Amino acid sequence: MTSQSVSGPMRVLVTGGSGLIGKAIEQVVMKDGEKREGEQWIFLSSKDANLVDLEQTRAVFEKHRPTHVIHLAAKVGGLYLHMRENLYFLRDNLRINDNVLQTAHEMGVTKVVSCLSSCIFPDKTTYPIDETMIHNGPPHESNYGYSHAKRMIDVQNRAYFGQYGHRYTAVIPTNVFGPHDNFNEDEGHVLTAIMNKTYKAKRDNTTLNVWGSGKPLRQFIFSMDIGRLMVWVLREYDEVNPIILSVGEEDEVSIQEAVEMIAEALEFKGQIHYDTSMSDGQLKKTANNAKLTRYLPDFTFTPLREGIKLTCDWFVKNYDHART
Ligand code: NAP
Ligand code: GDP
């Protein structure tokens, strides 16, 4: 069954609607014209319901009675927060995901699109990694809690299909960044943590401290591109198997290259120090986006330098109320 076969317009509940990706989807739908006539879109934050709690999850689903769900809500953080809190990443995310998926099932939701991540891929593997390889071996030890919880979404989606025929699916974004991200220096993901550190190093005329060697490789995708792609997945993608949402392998860059783009965007001319006493995390997790490009051969990604500039400009303009 496709979303098109639902009678009447969709009522879409977006869990995690106040976060980085949720805000991008909101922009695409509510401001860039993706919303269709009669559709309703509801963007939730943790203030509307703590989805770790089953009763609160049920209550918020009862209140909005969605036909479709984009499930983004999760405990999310950068490498160093994962290393400190693997247990919380595992337990919170297992509970949130089971509460959301099971409540969606019980309330007859037609389609759920959840979010996995390329950091859940096996640590020891061949490259590039594709959608068929998610479960082929243990994830990197730095974020095994989050990774195992996320992998279970894929298992659960297949089980809902097997027993009930539901088309619940998941996307696998690589490293996402953009406006409304968490810019916290200790807990955020690399680009936004470095943007904040660079902003302060320029302001205070100090050295910029980057953690690790700068050598690991990443595929970064701008949040607005993820927003557009997730709306396409909700409307058009009919598989239960997940799909990687990423720029190509040729667009993979080192952390050092990305740091230099941030320094350029923020016009930082001071010293950059790489603290090699800090973990590098996974050296690479190169993902293959061939499945996506087969479906959408003409999709154009925002170039990394442009996305970084847009995000730095947003951060500077919104410094007083950005998440830091
Ligand atoms: P984010 O900016 O940290 O936003 C997280 C969202 O989840 C917020 O809306 C937050 O609500 C909500 N949330 C957290 N705990 C909750 C709880 N207990 N109950 C209800 N809501 C809760 O994260 P994001 O980067 O947008 O990530 C969205 C999804 O994409 C996640 O599933 C994440 O795993 C996945 N993903 C992210 C990346 C990345 O690089 N960022 C890459 C791959 C996959 P509040 O605003 O109220 O706190
Ligand atoms: P990952 O892609 O899942 O590993 O998560 P991150 O977005 O946290 O990126 C981690 C990579 O960026 C590692 O190679 C870190 O060594 C490097 N890195 C350098 N400086 C920072 C920083 O200030 N914060 C974070 N989170 N990572 C940093």
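Which ring does the charged end of Lys-284 sit over? Select Lys-284 and Tyr-127: the charged end is 4.6 Å from the centre of the Tyr-127 ring. Here a charge counts as over a ring if NZ of Lys or CZ of Arg is within 6 Å of the ring centre and within 35 degrees of the ring normal.

Before you go on: this is a predicted model, where local features need pLDDT of at least 70, side-chain atom pairs count only at pLDDT 80 or more, and totals for chains, interfaces and linings use all residues. Residues are numbered from 1 along each chain as its sequence is written, chains are lettered from A and ligands numbered from 1 in the order in which they are written, and side-chain values use heavy atoms, leaving out hydrogens and water.

Next, pick Lys-197 and Trp-211. Lys-197 lies over the face of Trp-211, 3.4 Å from the ring centre.

Both also belong to your next stop, ligand 2. Show the 20 residues surrounding ligand 2 (a heavy atom within 4 Å); among the closest are Lys-197, Trp-211 and Asp-280. Colour helix H6 (190-204), one of the elements that supply at least two residues of this shell. H6 gives the largest share, four residues. (Helices are DSSP runs of H or I, at least four residues, numbered from the N terminus; strands are runs of E, at least two.)

Now zoom in on the oxygen atoms of ligand 2. One lies 2.9 Å from a backbone N or O atom of Val-190, and a polar backbone atom of Asp-280 is 2.7 Å from an oxygen atom of the ligand.

Conventions. Polar contact = N/O pair within 3.5 Å; in protein donor to acceptor, adjacent residues only side chain to side chain.
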